[in-house]
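My notes follow in the order I took them.

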Amino acid sequence: MWFFARDPVRDFPFELSPDPPEGGPPGPWVLHRGRKKATGSPVSIFVYDVKPGADEQTQVAKAAFKRLKTLRHPNILAYIDGLETDRCLHVVTEAVTPLKMYLKERAEAGGLKELELSWGLHQIVKALSFLVNDCSLIHNNVCMAAVFVDRAGEWKLGGLDYMYSSQGNGGGPPRKGVPELEQYDPPELADGSGRAVREKWSADMWRLGCLIWEVFNGPLPRAAALRNPGKIPKSLVPHYCELVGANPKVRPNPARFLQNCRAPGGFMNNRFVETNLFLEEIQIKEPAEKQKFFQELSKSLDSFPEDFCRHKVLPQLLTAFEFGSAGAVILTPLFKVGKFLNAEEYQQKIIPVVVKMFSSTDRAMRIRLLQQMEQFIQYLDEPTVNTQIFPHVVHGFLDTNPAIREQTVKSMLLLAPKLNEANLNVELMKHFARLQAKDDQGPIRCNTTVCLGKIGSYLSASTRHRVLISAFSRATKDPFAPSRVAGVLGFAATHNLYSMNDCAHKILPVLCGLTVDPEKSVRDQAFKAIRSFLSKLESVSEDPTQLAEVEKDVHAASSPGMGGGAASWAGWAVTGVSSLTSKLIRAHPAAAPAETNVPQRPTAEGLPTPAPTPVPATPASPGHWETQEEGTDTAEDGGAADRWDDEDWGSLEEAESVLAQQEDWSPGGQASRAGQTSNLAAKSPESDWSSWEAEGSWEQGWQEPSPPEPPLEGTRLASEYNWGGPEPGDKGDPFAALSARQEAGAQLRPDSWGDDNWEGLETESRQGKAELARKKREERRREMEAKRAEKKAAKGPMKLGTRKLD
């Protein structure tokens with residue numbers, strides 16, 4: 001029977017790369033790239049082929065194999081596995097590159113910074129200190145060929161072939177027999193008498209000086225070149241001169257050399273070396289020290305090498321989050337390092353951490369995640385956003401901290417394109433409705449309107465039709481002036497999503513009311529928007545065939561490309577309004593509404609117009625304008641608060657009736673209004689919503705407004721004033737009076753505007769306004785009584801706080 005011997009090289013769990021060898025230290029070793037068969041992870045494989053008649057060299061190679069296998073230190077080449085046969089030796093280490101090749105590659109890419117060189121030399125000296133002081137070993141081979149660099153830019157000391165004990169065990173130093181290595185020997189070794197007095201580290205420190213010279217100046221041609229420092233930095237020259245001094249007795253111990261170079265102003269006294277030293281000892285640092293370190297780390301990352309950030313800083317950050325208590329402070333450096341990763345690495349290393357962070361209850365971490373979402377949103381897929389991130393983010397809408405609510409709103413700009421139908425059109429709209437109607441911070445209500453305008457193109461057609469006009473109309477009634485501006489700009493940014501009927505019957509009436517706003521910024525934006533919508537209507541009127549083209553986006557499915565108008569609108573929320581929001585919230589962290597001005601309706605002709613009264617950022621009082629207009633918005637109504645349709649978005653009837661009672665701006669009038677406000681504030685949420693439903697809403701249309709609450713006796717209504725144009729209640733052609741006069745008398749030339757007696761027409765028109773207004777009030781009162789009687793019969797007795805009819 002035949003037995004076949006197994007090939008140990010074939011069974012070895014590592015294999016050589018087909019690429020040509022990278023070289024290696026002078027001598028028999030050849031360095032190859034390789035990989036682990038099971039995982040494919042890269043490694044370096046040092047190969048020594050046993051040759052006949054080279055027994056001494058083989059013994060040196062086996063001694064190096066043994067030394068590398070038993071020595072463990074962060075700055076010495078890390079042994080992974082090995083194979084020893086009669087034909088060869090294989091030593092597997094971490095993936096490294098020879099220093100000579102590494103410096104050449106970096107020189108072609110712009111060269112190494114002094115920071116990197118200082119840390120690299122620090123590591124080699126530290127490895128020598130470990131060998132001499134802790135292990136009583138002499139390396140005996142310090143040179144460029146014995147130093148390797150891993151993927152993080154860490155320098156590793158290898159080339160242990162000629163190492164021997166400093167205590168004399170095992171005989172003296174082995175013979176090298178390699179001329180390239182003998183030029184690094186110190187001059188005292190040439191003295192055959194052995195009378196030179198030296199320390200055990202003297203020879204290795206001389207060779208360290210040769211290594212420093214080669215790092216900065218290139219290959220060492222001869223020993224005499226060491227007298228000229230060349231490009232060695234000035235801060236390192238004094239210490240270098242100690243290394244290459246002729247007297248071996250004065251050459252410093254490796255530990256002393258490190259101490260000298262780390263002194264203030266020394267070559268190794270810099271932020272990069274300090275960062276590396278801290279990372280090496282981070283596991284034994286106090287939590288307060290870790291917090292301070294991570295807070296300062298992000299400032300330095302820009303000056304650190306990319307490989308160092310990816311392969312050394314990033315693992316430490318991930319470990320600190322996973323097992324430590326670093327918390328939110330690691331987010332900034334984490335995302336900064338993440339910029340150096342490709343998409344696949346980002347998905348594997350950063351995204352799992354980010355997803356886990358969103359479930360944290362730490363407010364500091366949540367707000368930093370929201371603030372920096374722009375840096376990682378592109379790497380998140382839609383299923384992850386909808387199932388693992390959005391459910392945690394929406395809790396921020398209900399947070400008691402205004403800063404978190406604000407950042408949650410802003411984050412929707414980035415999350416909206418990735419949200420599914422239910423989260424975007426139902427869940428998100430529910431929270432936006434609550435914020436815009438009930439949030440006590442004016443800037444947050446403003447940013448809610450801003451965000452809605454930006455994500456409008458992502459909403460479904462039915463949601464757009466139901467939400468946008470109502471939400472922007474409500475914003476135009478907000479006491480906070482920037483919110484009113486946001487409402488106007490929201491209309492303008494989403495102009496392509498409205499039908500011509502909506503533009504004429506719903507949007508323009510709202511915008512026209514803002515032309516008399518107390519704030520000039522609101523008026524200016526209102527006039528611009530009005531001109532834009534009028535121009536659109538006029539173009540369709542001149543050419544009706546354009547209607548289909550103009551309304552092509554109205555019923556189209558949601559698409560990010562539809563928000564064309566939002567492109568020019570994209571900056572005003574994030575820059576102007578956002579900064580304003582942050583300032584107001586920081587200035588009044590515990591305050592409630594941050595309204596700056598109370599909007600006031602114009603007074604009747606002949607009466608002085610009061611100046612807007614500044615209102616501090618304090619909780620609204622019962623006499624506040626917003627309380628009068630919105631009634632019990634701050635009360636919790638489970639069903640109505642969460643639905644856009646049922647919210648008091650667009651009906652202007654209640655606001656008109658209340659504001660009409662504010663004609664008297666005198667102190668006496670103010671006192672009387674205070675009592676009216678108290679009555680309004682006493683309404684229950686149920687009665688308030690039911691009254692809105694009875695009086696009409698956006699769904700009922702603008703053409704059939706419902707009657708408001710009858711005014712107090714002796715109070716003039718806003719409809720009795722001359723606001724400079726036809727009344728909102730007038731139906732039909734607004735030039736009806738003009739047409740009647742033309743039919744009755746004068747025949748005007750079609751092309752003549754100057755011959756009309758406009759003043760006479762206006763006088764005649766005014767005479768019938770009072771009578772017309774009175775008839776309208778009576779008609780609307782009867783209609784209101786009928787509706788309320790039906791409701792009372794259906795629901796039973798009225799609840800406490802319900803308004804009674806006069």
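I started with salt bridges: a side-chain nitrogen of Lys or Arg within 4 Å of a carboxyl oxygen of Asp or Glu. This is a predicted model, in which local features need pLDDT of at least 70 and side-chain atom pairs count only at pLDDT 80 or more, while totals for chains, interfaces and linings use all residues. Residues are numbered from 1 along each chain as its sequence is written, and side-chain values use heavy atoms, with hydrogens and water left out.

**Salt bridges**

How many salt bridges does a search of the whole structure find? I got 25. Side chains of opposite charge can pair when their charged atoms come close.

I looked up Asp-185 and Arg-207. Their side chains meet in a salt bridge at 3.0 Å, N to O. The pair links distant parts of the chain, 22 residues apart: Asp-185 is in the loop between α5 (179–182) and α6 (202–217), and Arg-207 is in helix α6. Helices here are DSSP runs (H or I, at least four residues) and strands likewise (E, at least two), numbered from the N terminus. For accessibility I used relative accessible area: buried is under 20%, exposed is over 50%, and partly exposed is in between (1.4 Å probe, protein chains only). Asp-185 is partly exposed at 23%. Arg-207 is buried at 1%.

Next came Arg-405 and Asp-439, whose side chains form a salt bridge at 2.7 Å, N to O. Arg-405 lies in helix α17 (residues 402–415) and Asp-439 in the loop between α18 (421–438) and α19 (442–455), so the pair ties together parts 34 residues apart in sequence. Arg-405 is buried at 7%. Asp-439 is buried at 8%.

I then checked Lys-506 and Asp-502, which meet at 3.9 Å, N to O, in a salt bridge. They are 4 residues apart in helix α22 (residues 500–513), which means about one helical turn separates them. Are Lys-506 and Asp-502 buried or exposed? Both are buried.

I also noted a network: salt bridges that share partners join Asp-185, Asp-204 and Arg-207.

**Aromatic pairs**

Rings of Phe, Tyr and Trp (its six-membered ring) pair if their centres lie within 6.5 Å; planes under 30 degrees apart are stacked, over 60 edge-to-face, and the rest tilted. The whole structure gave me 16 such pairs.

Trp-29 and Tyr-48 have ring centres 5.8 Å apart and planes at 50 degrees, so this pair is tilted. Trp-29 sits in the loop between β1 (14–16) and β2 (30–36), and Tyr-48 in strand β3 (residues 42–49), 19 residues apart. Trp-29 is buried at 7%. Tyr-48 is buried at 1%.

Phe-272 and Phe-308 pair edge-to-face, 4.7 Å centre to centre, with 75 degrees between the planes. Phe-272 lies in helix α9 (residues 271–280) and Phe-308 in helix α11 (residues 306–323), so the pair ties together parts 36 residues apart in sequence. Phe-272 is buried at 3%, and Phe-308 is buried at 1%. With Phe-304, Phe-272 and Phe-308 form one aromatic cluster.

**Cavities**

A cavity is a set of points, on a 1 Å grid over the protein atoms alone, where a 1.4 Å probe fits but cannot get out; lining residues have an atom within 4 Å of a point. I found 6 cavities of 30 Å³ or more. The largest cavity holds about 150 Å³ of space, a volume being the space filled by probe spheres set on the points, which are joined across faces, edges and corners.

Its lining has 13 residues, with Phe-46, Leu-68, Gly-159, Leu-160 and Asp-161 nearest the centre of the largest cavity.

Conventions: 1 Å grid on protein atoms, 1.4 Å probe; cavity = no way out; pocket = protein on both sides within 12 Å on 5 of 7 lines; lining within 4 Å.
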